[in-house]
Amino acid sequence: MKKNIKYKSISQFEPSFGKEERVALNKYMKEGGWVTEFKKTRELESMIRNYTGSKYCFLVNNGSVSLLVAGLACGIGNGDEIIVPNFTMIATPNAFRLLGAKIVLVDVEEKTLCLDYNKVVSSITKKTKAIVLVSANGRYPSYDISKLRNLCKKKKIFLIEDSAQSLGSFYPNGSHMGTEGDIGSFSFSPAKIISTGQGGAIVTNSSKLAKKIMLLKDFGRRSGGNDVHDFFGFNFKFTDIQAVIGIEQMKKIRVRISKKKMIFRKYKQFLMCNKNIQILDNPLKDTAPWFVEIIAKNRTNLVKYLKNFNINTRLMYPSINSQKIYKCRGDFPISEMIAKEGLWLPSSIDLKKTDIKNICERINDFYYKQ
Ligand SMILES: Cc1ncc(COP(=O)(O)O)c(C=O)c1O
C-alpha cells in the first residue's frame, strides 16, 4: 500500500455551478423578479421541451414529486398495482406507494439494469395500472422501447419513465429518454447532469395528461390570480430562482455531457485490465452516464482502502426488496448482486483526468500490489 499518498478529498460527487449562474442570479435579483414560479420557469420549461423534443414540460419541486404528480395524473390510487424495478432509488416506489398503490417489484437486466421484459410480462395482472421504466444511469433496456410501449398499449397500462438520471440520454431511435412513455420524469438534484439544487420536470406528449398536470400543480385552478378551484390540486410549483440556475446549466449541457463521457472513457481505459472489477458499460453514442458504476470483488475492503487515500465512493442502491419498508422475498438475482458488489466511483462533473488516473491506480494497487 502506498501509505504516504493522501489526495485532497475526492468526493463521490459534487455539484458544479459556475460564474454564469452567479451573474444570472445577481441580475435577476436586481431586476426585482417575484422569485416564485413565473417567466424564468416558463423559459426553462421551454428549453427542456426543445432539448427533449417533448410537447409539454412542467417544472416541479423535485424528481420524487414529479413521479407523484405523474401518478396523480394517471389516476393511480388505492388497489392499483405498479410495476417498479427492484434496482432503483427509493423515490421510485415511494411516490406510488404514497398514492396507496401496491408496489410490484421486478428484477432488472444484468447488462442495462433496466426492467427485465419477460419478468414484467409475468408480473402483469388485471390490477396493473402502470409500469415504471427507470433508465438506470442513462441506459435504455436491451429490448426496443416500442416493445414495452406496445405491451402497455395492448394491456391499457400507463408507461411512466423515471428518467431522473437521464437528461442528455437518448434511445437508439433518437428520441430522448422520458419521451417514449405516457409521462417522463427528471430530477435536478445536485448529482444530476444539470442541477437546480432541488428540482424536477415532467414531460409528456399527451394534451390530456398535460391539462391534468397543470391543474394538479396549481391548486386545481384553471389560471392564476383567482381562488376558484374546480379541480383537486396542490402546490407543486417551482421558483424562478431555481429556473435562473437551471437555464444557465442547460446552456452548458453539451459541455457537461461531454465531461461525463470523458470521465467514463478514462475510467474504462485505466481499469480495463483489472479482472477483479467490471465497469457497467454505457452506450456513450446515445447516453450520458451520471455515475461510473463498477461491480467490485471484495467491495467492503476496497471502499476502506480508497478511503485511506481520501477517495470517497458510494455503495450502489440496496435492492428495494431488502429495504425494511418493502421487505419481501422474490426472484431478484441481479438487483441483489448489485446490492452486494455494486460501487459508484467518484463521478463529479469537474473531476480531473489526473484524479481519475490516481483513483484507478489505487484501485489497481488494491487488487494487485498490496
Ligand atoms: C431513479 C430516481 N428516481 C427518483 C429520484 C428522486 O429525485 P429527487 O431527489 O429529485 O427527488 C432519483 C434521485 O436520485 C432517482 O435517481
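In this briefing, Ala, Val, Leu, Ile, Met, Phe, Trp, Tyr, Cys and Pro count as nonpolar, Asp, Glu, Lys and Arg as charged, and the others, Gly among them, as polar. The shell around the ligand divides on these terms into 4 nonpolar, 9 polar and 1 charged residues. The structure is a predicted model, in which local features need pLDDT of at least 70, side-chain atom pairs count only at pLDDT 80 or more, and totals for chains, interfaces and linings use all residues. Residues are numbered from 1 along each chain as its sequence is written.

**Ligand surroundings**
- The ligand is surrounded by 14 residues, a residue being near if its C-beta atom, placed from the backbone, lies within 6 Å.
- The closest are Asn 62, Gly 63, Ser 64, Ala 164 and Ser 187.
- At least two residues of this shell come from each of α3 (63-73) and α4 (91-97); helices (H or I, at least four residues) and strands (E, at least two) are DSSP runs, numbered from the N terminus.

**Domains**
- The protein chain is divided into domain 1 (19-251) and domain 2 (253-368), with bounds from an automatic or database domain assignment.
- Their C-alpha centres lie 25 Å apart.
- The contact takes 28 residues from domain 1 and 26 residues from domain 2, where contact requires C-beta atoms, placed from the backbone, within 7 Å.
- On the side of domain 1 that touches domain 2, β3 (102-106) and α8 (240-251) are the elements giving two or more residues.
- That side of domain 1 comprises 15 nonpolar, 8 polar and 5 charged residues.

Note on methods: Two residues are in contact if their C-beta atoms, placed from the backbone, lie within 7 Å.
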